[in-house]
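Hi,

Here is the structure I promised to pass on. Have a look at it first, and then read my notes below.

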Amino acid sequence: MKIHSIRIRNFRTVKDETLLEVDGYLTVVGPNNSGKTNILKAIQTFFTGYDNALGYSKERDFSKSSDKKGKTTITVVFQKEDENTFDDSIFQEHSEIYEYLETDILNPNEITVYLTFNESTPNYQLHYNVKKKKDKQAHYSLKLKSIMGKILDHFSIHYIPSEKSVKDIFRTLITPLVSIQLGNKMLENKEVFDSVFSDTSSSISNSLKDCGLENFEFSIRPPQNEYSQMIKGFEFILKDSIETNVFEKGMGIQTASLLACFLWVTEQEIKEEKDVIWLLEEPESFLHPSLSETHKKLLHKLRSLCTVINSTHSLQFVPQDPTKILGTEINGDSTKVKKFKTYADATKTLRDTLGIEFSHFFNLGLSNVLLEGQTDREYFHKVLSLLPNEYNGNQIDFPILNSGETKFLDFGGTSHLEGFLRTTHEFISKERPTVSVFDGDTAGLKSANALQGYFNNQAILFRSNFEFIILKKDFEIEYYFPNNWLKEIHEDHPSWFESFTLDVEQNIMSMSINDNRKNNFQNEIFKRMQASENHEWLEKWLPILRTIEKSLTDQHETIKND
């Protein structure tokens with residue numbers, strides 16, 4: 001049995017009827033105070049049953065600007081799933097209720113439930129404006145309560161507010177469920193535990209009798225006769241290099257453990273033949289950047305097992321499928337929702353309404369140079385740190401590259417840089433000046449050409465010597481130092497080189513450093529740069545720096561004017 005859609009009306013800021021098409025999972029995006037939390041709270045309210053467990057009150061929860069004669073209405077449409085024993089049973093019972101109605105069933109594979117409130121009293125109905133057969137009202141009421149009791153009991157709903165701490169969630173959600181699991185196991189050995197209780201009770205009772213209190217009998221038993229009630233708490237331990245309490249680990253590990261626990265809770269409840277719903281308010285509240293991919297994978301797995309409805313301000317938690325995204329905005333004092341045709345539309349709305357730029361999520365600077373690897377980044381930093389005021393009589397001035405607001409970011413390899421640009425260049429190029437630097441080797445040329453073709457097909461600018469540069473053909477960044485240095489280092493340390501070829505005129509034709517010797521080579525280069533008085537190492541670097549500086553300057557102007 002799954003939720004197909006939810007309609008909410010007159011609940012807090014959700015005044016007009018608002019449709020949520022769920023079908024597995026849904027993400028609600030929008031600015032603060034636009035009604036995202038109220039949507040999640042309305043769903044939670046629907047599943048709390050006849051006892052009004054959340055304490056709905058018309059004074060607090062009814063939409064302020066609505067007609068006072070109106071009612072809060074939350075309508076959920078459930079769909080039947082194939083090969084499900086519970087579904088077969090409940091849908092059969094649902095079809096039988098039509099024996100008491102003056103209408104035929106419209107869709108045998110759907111059940112629509114309407115919840116309204118009279119002041120603070122919940123009222124569930126399966127039909128609106130449908131006449132009941134004469135003298136069948138009582139039969140209908142009994143059948144209705146039977147069906148609703150089973151539906152509400154069948155669903156297990158977990159609402160996780162953003163302000164709740166990880167420790168609180170473990171205490172209020174995980175601990176009770178582990179206690180129940182242990183209590184069930186203890187029941188399997190009930191005789192052993194009862195024997196301990198009986199022997200202890202008898203011993204204490206006998207001591208009382210020996211002291212003259214013959215009419216008293218002492219006994220020990222589980223609280224409320226439930227073994228799970230004896231279990232009040234646990235230590236949650238996580239072991240890596242050191243075994244410690246999970247709450248003493250970093251926040252990234254804590255939150256990853258929490259999401260993994262959500263999976264465990266879901267799996268246990270599925271074993272009990274429950275349908276599980278998670279309402280996650282701004283899961284980025286528990287997000288840690290160092291484990292963002294881990295968190296996303298855990299959330300994806302959770303969505304594969306059950307229904308997940310979450311609100312978010314973060315692009316990390318916005319699904320790629322626009323049909324799974326619902327936008328909210330506030331109009332006066334009323335929440336309005338909107339759908340999106342594309343993922344780009346949804347994320348643009350999120351960024352625009354919240355003042356968030358796409359580049360914020362990647363720690364980009366006001367200007368950026370994107371590099372293939374760590375050694376590339378270290379070379380740029382070293383070159384810029386040792387720049388003289390002038391060279392060969394010309395003033396050296398790179399105000400953007402030396403501003404301290406330009407970031408040099410490495411991506412751990414050519415393919416990783418290519419992948420990042422494929423998914424982000426369209427967006428970050430509109431926000432932050434960015435130049436990508438590719439080596440002139442086979443891998444660098446292949447990636448640059450592939451990206452040019454990809455972006456050209458989408459009419460997105462990705463130009464050489466502007467949005468990207470390519471180093472000298474067949475060479476990596478280590479080539480950009482004086483030829484005499486390279487020859488001397490090769491002569492002294494030939495094992496550092498994978499290849500080193502000179503033509504007949506002693507020009508370097510090809511050169512490649514062994515990966516496991518790049519640090520050795522770099523240290524030797526840095527030592528020579530420090531010792532150089534004439535800054536001869538700058539000769540090859542100047543064209544690179546000038547091209548990047550000009551591109552960043554021009555991009556700043558373009559973005560400012562747009």
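A residue is called exposed here when its relative accessible area is over 50%, buried when that area is under 20%, and partly exposed in between. Please keep in mind that this is a predicted model.

With those cut-offs, glutamate 390 is a simple case: its relative accessible area is 53%, so it counts as exposed. You will find glutamate 390 in strand 15, which covers residues 390-391. Setting aside neighbours within four places in sequence, glutamate 390 is in contact with Gln395 and Ile396. Histidine 535 is 145 residues away from glutamate 390 along the chain, yet their C-alpha atoms are separated by 9.8 Å.

Now for the whole chain. The protein chain has 15 helices and 21 strands. Its radius of gyration is 33 Å, whereas a compact globule of 562 residues would come out near 24 Å. Along the principal axes, the C-alpha atoms fill a box of roughly 110 × 70 × 45 Å. Of the 562 residues, 47% count as buried. Among contacts with a separation of 6 or more, 73% are between residues 24 or more positions apart.

As for the surface, the protein chain exposes about 29,300 Å², and carbon and sulfur atoms supply 47% of that area. There are 64 positive and 82 negative side chains, and the centres of these two sets lie 7 Å apart.

Two buried residues are worth a visit. Threonine 266 sits in helix 7, which spans residues 251-271. Its relative accessibility is 0%, so threonine 266 counts as buried. What does its side chain pair with? A polar contact of 2.8 Å joins the side chain of threonine 266 to that of tryptophan 278. Not counting residues up to four places away in sequence, threonine 266 touches Val276, Trp278, Leu302, Leu305 and Cys306.

The other is isoleucine 469, found in strand 19 (residues 468-470). At 4% relative accessibility, isoleucine 469 counts as buried too, because the cut-off is under 20%. Once residues up to four places away in sequence are left out, isoleucine 469 touches Val435, Ser436, Val437, Phe438, Ile544, Thr547 and Ile548. Glycine 440 lies 29 residues from isoleucine 469 in sequence, with 9.4 Å between their C-alpha atoms.

Finally, some backbone angles to check. Most residues other than glycine have a negative phi. Glutamate 119 has a positive one, near 55 degrees. This residue is in the loop between strand 5 (110-118) and strand 6 (121-125). With a relative accessibility of 53%, glutamate 119 counts as exposed.

Glutamine 506 also has a positive phi, near 70 degrees. Its place is in the loop between strand 20 (497-502) and strand 21 (508-513). Is glutamine 506 buried, partly exposed or exposed? Its relative accessibility is 44%, so glutamine 506 counts as partly exposed.

Conventions:
Residues numbered from 1 in each chain as written. Predicted model: local features only at pLDDT ≥ 70, side-chain atom pairs only at ≥ 80, totals over all residues. Heavy atoms only, no water. Helix = DSSP H or I, 4+ residues; strand = E, 2+ residues; numbered from the N terminus. Rg over C-alpha atoms; globule rule 2.2 N^0.38 Å. Buried < 20%, exposed > 50% of the residue type's maximum accessible area, 1.4 Å probe, protein only. Contact = heavy atoms within 4.5 Å. Areas by Shrake-Rupley, 256 points an atom, 1.4 Å probe, with all protein chains shown as cover. Lys, Arg positive; Asp, Glu negative; His and termini not counted. Charge placed at Lys NZ, Arg CZ, Asp CG, Glu CD. Polar contact = N/O pair within 3.5 Å; in protein donor to acceptor, adjacent residues only side chain to side chain.
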